[in-house]
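I opened my notebook to record, step by step, what I looked up in this structure. I wanted to follow the strands, the contact between the chains, and a few single residues.

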Amino acid sequence: MMKVSITRPYVYLLILSVVLFISVLIIAFALLIPKGKDYRLDKASLRGIKIEQNRVQVFNDKTYKNLKNLQSKNRAIITAFSTKFNAKRFEKQNSKFFEKFVLGEKQVVTNEYESFDVYEVNASSKIDSPKSFYNFLEAINKGDWIVSVEFPIIFKREAKLIHSSFKIKVYSNSKNKIINKELNSTK
Amino acid sequence: MRFSYIVPRKKTVLSSEVILLLTFFSITFLMLFFTYVFILFKDYQFTSTKKELAIKKEQLNKNIDSMKSKILFIEKQQALSERIYTKNIVLKDSIKNMFDLVPDRIVLSQVHLLENGLIFYGVTPTKDVYNFMLNAPLKSIFHRTYTSFYPTKGGWLNFVSKNYIDVDLIESANEEDVDDES
């Protein structure tokens with residue numbers, strides 16, 4: 001029978017090799033592989049988050065574009081709603097349609113519409129023909145404020161002129177709404 | 001006495017085999033260590049990126065909500081203004097139609113345009129002129145028409161014509177139409 005003789009240093013070497021090898025295995029399986037797994041999962045979840053983020057960003061950009069479009073299309077209306085009503089200026093702007101045009105006191109406020117304040121102003125005027133009144137109704141749609149002419153409207157003949165009295169309603173953004181401040185700040 | 005010519009090799013704790021083995025395993029451990037550090041660094045990077053993205057997403061969502069409420073408000077303004085503009089134009093057309101309705105032979109002194117009615121004050125040469133030329137069209141437009149006459153000094157007749165639309169009747173007629181269509 002053949003006898004295998006291993007010297008003591010080699011036995012030590014072998015034992016050291018085995019110990020180090022086992023240490024490598026332990027480090028690999030106990031630390032690296034679980035961490036690596038976490039790393040892969042994190043990477044995948046981050047990719048998902050980035051895709052979601054991108055989707056939100058695209059939606060944000062789309063909404064912003066939409067808002068800007070709306071704001072530019074309706075600039076006149078937005079400005080009209082946020083402009084404080086000035087009776088003297090209104091009289092001056094529309095006096096060309098009347099022989100005489102007088103506005104009464106501004107009366108607050110019917111809470112007709114949520115988010116909007118509505119003021120009522122009595123107006124009396126003298127016109128030489130109904131055509132002036134038609135022109136006035138057309139002109140207020142292009143004016144600096146959102147104004148509607150309300151019933152009752154009374155026309156009364158006075159010599160060669162027609163005296164008319166009516167009520168106008170002026171609509172403006174409600175002062176109580178925080179949104180109006182924001183809206184004005186983004187204009 | 002016998003002498004050996006072989007020089008004895010130095011005995012050290014770290015033999016060349018051990019050094020080789022230790023070098024190999026040191027390199028292996030270093031590689032493992034660097035891999036572990038790399039993974040830890042990436043893990044940290046992922047966590048901070050996730051936090052940043054979460055904050056950014058929250059800001060974007062807030063921004064979107066704020067923009068949506070602004071859009072909604074502008075749409076409200078747009079709808080209201082359109083309604084008012086239409087109302088003014090309809091009013092203009094109504095007044096125009098009303099004046100067109102009155103024949104030249106009848107002279108009006110006062111007109112009251114009400115929400116659901118119309119009151120005329122004026123003079124007419126005869127009742128027939130009024131009935132044929134003004135009252136007939138008024139009756140076709142309004143549900144209720146009341147007229148009273150009283151003579152003037154010149155032989156003409158003053159008249160007061162009160163005309164009303166019954167909104168309830170229109171609404172019920174509309175409902176019937178809807179029912180018939182369905």
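What follows are my entries, grouped by topic.

**Entry 1: the kind of model.** I noted before anything else that this is a predicted model, and I kept that in mind while reading every value below.

**Entry 2: strands of chain A.** I looked up how the strands pair and found that strand E2 (residues 116–127) of chain A and strand E4 (residues 161–173) of chain A run antiparallel, joined by twelve bridges. Within this pairing, I saw that Val118(A) has Tyr171(A) of E4(A) as its bridge partner. I then checked the turn of the hairpin formed by E3(A) and E4(A), where two residues lie between the strands and Ala159(A) has a positive phi of about 55°.

Entry 3: I next asked which strand of chain B is joined to E3(A). It is strand E1 (residues 107–114) of chain B, which runs antiparallel to E3(A) and is joined to it by four bridges. Here Ile154(A) turned up again, with His112(B) in E1(B) as its bridge partner.

**Entry 4: the contact between the chains.** I looked up the extent of the contact and found 58 residues of chain A in contact with 52 residues of chain B. On the side of chain A that touches chain B, H1(A) gives the largest share, with 29 residues. I also wrote down the makeup of that side of chain A, which is 37 nonpolar, 13 polar and eight charged residues.

**Entry 5: Leu137(A).** In the largest nonpolar core, which has 32 residues, Leu137(A) is one of those that touch the most other members, and Trp145(A) is another. Setting aside neighbours within four places in sequence, I listed Val149(A), Asn88(B), Leu91(B) and Lys92(B) as the contacts of Leu137(A).

**Entry 6: His143(B).** I found His143(B) in the loop between helix H2 (127–141) and strand E3 (144–151) of chain B. Not counting residues up to four places away in sequence, His143(B) touches Tyr164(B), Ile165(B), Asp166(B) and Leu169(B).

**Entry 7: distances in chain B.** I noted that the C-alpha atoms of His143(B) and Lys11(B) are separated by 129 Å. Chain B is divided into domain 1 (18–101) and domain 2 (103–181), and the C-alpha centres of these domains lie 62 Å apart.

Methods:
Residues numbered from 1 in each chain as written. Chains lettered and ligands numbered in written order. Predicted model: local features only at pLDDT ≥ 70, side-chain atom pairs only at ≥ 80, totals over all residues. Core = buried A, V, L, I, M, F, W, Y, C linked by C-beta atoms within 7 Å. Buried ≥ 20, exposed ≤ 12 C-beta atoms within 10 Å, placed from the backbone. Contact = placed C-beta atoms within 7 Å. Domains from an automatic or database assignment. Nonpolar A, V, L, I, M, F, W, Y, C, P; charged D, E, K, R; others polar. Pairing = 2+ DSSP bridges.
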